[in-house]
Structures are given as structure tokens and as C-alpha cells.
Amino acid sequence: MNDFKSLHPICIFSYFIVMIVMLLICNHPVVMLSACAGAVFLLLNFKEHSMTGMLKWILPLILIITIANPLLNHRGVTRVCFLFGQWITLEAICYGVASGLSLVALILWFSCYQRIMTSDKFLYLFGKAAPASSLLITMALAFVPKLRLQLQQIQECQEMLTEETKTTDGKIRLAIRNVSVLLGWSLENTVEQADSMKARGYGIRRRTTFHLFRMKGRDVRFLVMLLILACICIGLRIHGCGTMEFYPRISESFHGTEDMIFYLSFLILVGIPGVMEWKEEMLWRSYNLNL
């Protein structure tokens, strides 16, 4: 039921590289809102997230940055109020909103990358060029969710074996015990994994890999479309489109037809993965093949 995830790893990795580059070189609120919307739409198609669950941390994060920026940065000419002996400016508030959206967009797209760019795809791309480094990065990325799952299991076991503690000291001792058990398990698991890799002949000779990835016609079409959209967006961005000055006064968001083409191209770019996944799910539903 996955259309975007089933693309060739080169297509997926190239797409995320283009997205991250665009998020880093452009700080326009319209671009950030489009990026956040595209990432949320893609994550909702994976059935692992709910809109309520994402809003619980997205809105507070944006609110914290929005409040913190005008308290620390007093640039701007449009005064809003006088607080703590300093003027709060509208430009600082708007810049805080844009910065919060930018940070949320990066977090959301890296979350999409984590769920789509699996370890086998990463090893396929970089296993031959840098086998040791790619294996180390893959193992490190896979170790974090394993530690989180193991910590949850330890906490559940401790709750069953010990009485509930309501005091602060008791909670601290319980947390230290859980972390100690987790560290012991991680060290033991590392030794077992090293022994297992040695027993299977890792490091004796150049390793070979097996994969089922084949470049197909739809992968080529996707790369061509991605290249066209990336050239349009990056070219127009270099030309000056998608810019917005916050200091000393907020500038206009739209400057002409080129800006409209830039925003429309970027909106298509961020919506491609979510639309592909949604289209595949609708196709399955039309044939009553829901899982």
C-alpha cells in the first residue's frame, strides 16, 4: 500500500536532499507553512500518527519560539507593547513565528525521512562507497528506537514488581534503577551483537549485499519531475524569489509572477509524497483491500 516508499532509494534520498536544502535556504512563512502541511499530510498517511498527537508538540514549540524571540530580540520599528523594560516589536514576533515554523518543518521532514529511508535503503546507497561508516550510522539510528522500547518494557516490569512511589525521592531512585538496567542491557546486547557479527564472518573479506531494488520507468519519471521542480525552485530562489525581510520593517510577501511560480512549484514539490501515498490507499480501498 506504499507508493512513495516503494520508489528506488536514489529517488527517495534525492527527494529528501532537495527538501532539506530548500528548507535551509528559504525562511519565508508561506514556504514553511507549505512544508509543514506536506509533512503532516505524509505522516498521516502512514497511520502511525494522529493530528491531535502532532499538534500537542507542534503548537507549543512554535509558541515558545514566538514568545522567546521578541523577549530577546528588540529590533523592528512597529512597537506593540512595553514589557520588562523593553519594547516588544511586531517584526520580532513575526520572525519568531517564521523561525518556529522553520524548526517544526525540519523536524517533521526528518521524521518522514526516518520512516521512509530504512536501513536497507541506506546501506544500498552507501554500503559500497563507505561500508564501515554506513553500517555504523545505520546501527546507531536503529539503536535509538530499540532503547526506547526496552526502557518502556523495563518501566512496565518495575511497576509490576515494586509498589507505586508518590514521593520525589522514590521516583528519582526508580528512574535511576531503570536507567541502570537499560545501560546493562545495552552493553550486553552490544557484546552479543559483536560476537554474532564475528561468528558470521564480518570483516574477513569484502562483504556482499543482496537487494531487490531495481530502477524502473516510474523511478526515472519521478527523478525527471524532481529535477525539473528542484531547478525551478532553487533557480527562482537564487533569483530572489521567496524572500521576506523582517527587519527593520516587514516587507511584502509577494513581488510578482515569479514568486507565484516559486510558491506553486514548491507546493507541488512538498505534496508529491503525500499524494502518492494517499492515491495508493484510495486505490486499495476501491478494491476493498484494506489491511
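Colleague: In what order do the elements of the protein chain run from the N terminus on?

Modeller: This is a predicted model, so local features need pLDDT of at least 70 and side-chain atom pairs count only at pLDDT 80 or more, while totals for chains, interfaces and linings use all residues. Residues are numbered from 1 along each chain as its sequence is written, and side-chain values use heavy atoms, leaving out hydrogens and water. Helices (H or I, at least four residues) and strands (E, at least two) are DSSP runs, numbered from the N terminus. The order is α-α-α-β-β-α-α-α-α-α-α.

Colleague: And how many helices and strands does the protein chain have?

Modeller: Both kinds of element turn up in the protein chain. The count is 9 helices and 2 strands.

Colleague: What share of the residues in the protein chain is buried?

Modeller: Buried means under 20% relative accessible area, exposed is over 50%, and partly exposed is in between (1.4 Å probe, protein chains only). Of the 291 residues in the protein chain, the buried share is 34%.

Colleague: Let's talk rings. How is the pair of F4 and Y15 arranged?

Modeller: Rings of Phe, Tyr and Trp (its six-membered ring) pair if their centres lie within 6.5 Å; planes under 30 degrees apart are stacked, over 60 edge-to-face, and the rest tilted. The structure holds 9 aromatic pairs. For F4 and Y15, the centres are 5.5 Å apart and the planes sit at 75°, so the pair is edge-to-face.

Colleague: Which parts of the chain does that pair link?

Modeller: F4 and Y15 are both buried. They are 11 residues apart, and the parts they link are the segment before α1 (9–25) and helix α1.

Colleague: Which residues do ring pairs link into a cluster with F4?

Modeller: F4 and F222 are both buried. Ring pairs join F4 into a cluster with Y15, F16, W109, Y113 and F222.

Colleague: Now charges. Which residues are linked in a network of salt bridges?

Modeller: A salt bridge is a side-chain nitrogen of Lys or Arg within 4 Å of a carboxyl oxygen of Asp or Glu, and the count comes to 2. D3 meets R218 at 2.9 Å, N to O, and K279 bridges to D3 with the closest N and O atoms 3.6 Å apart. The network is made of D3, R218 and K279.

Colleague: Is D3 buried or exposed?

Modeller: R218 is partly exposed at 27% relative accessible area, and K279 is partly exposed at 47%. D3 has a relative accessible area of 11%, so D3 is buried.

Colleague: Which helix gives the most to the nonpolar patch?

Modeller: With 4 residues, the top giver is helix α3 (residues 51–72).
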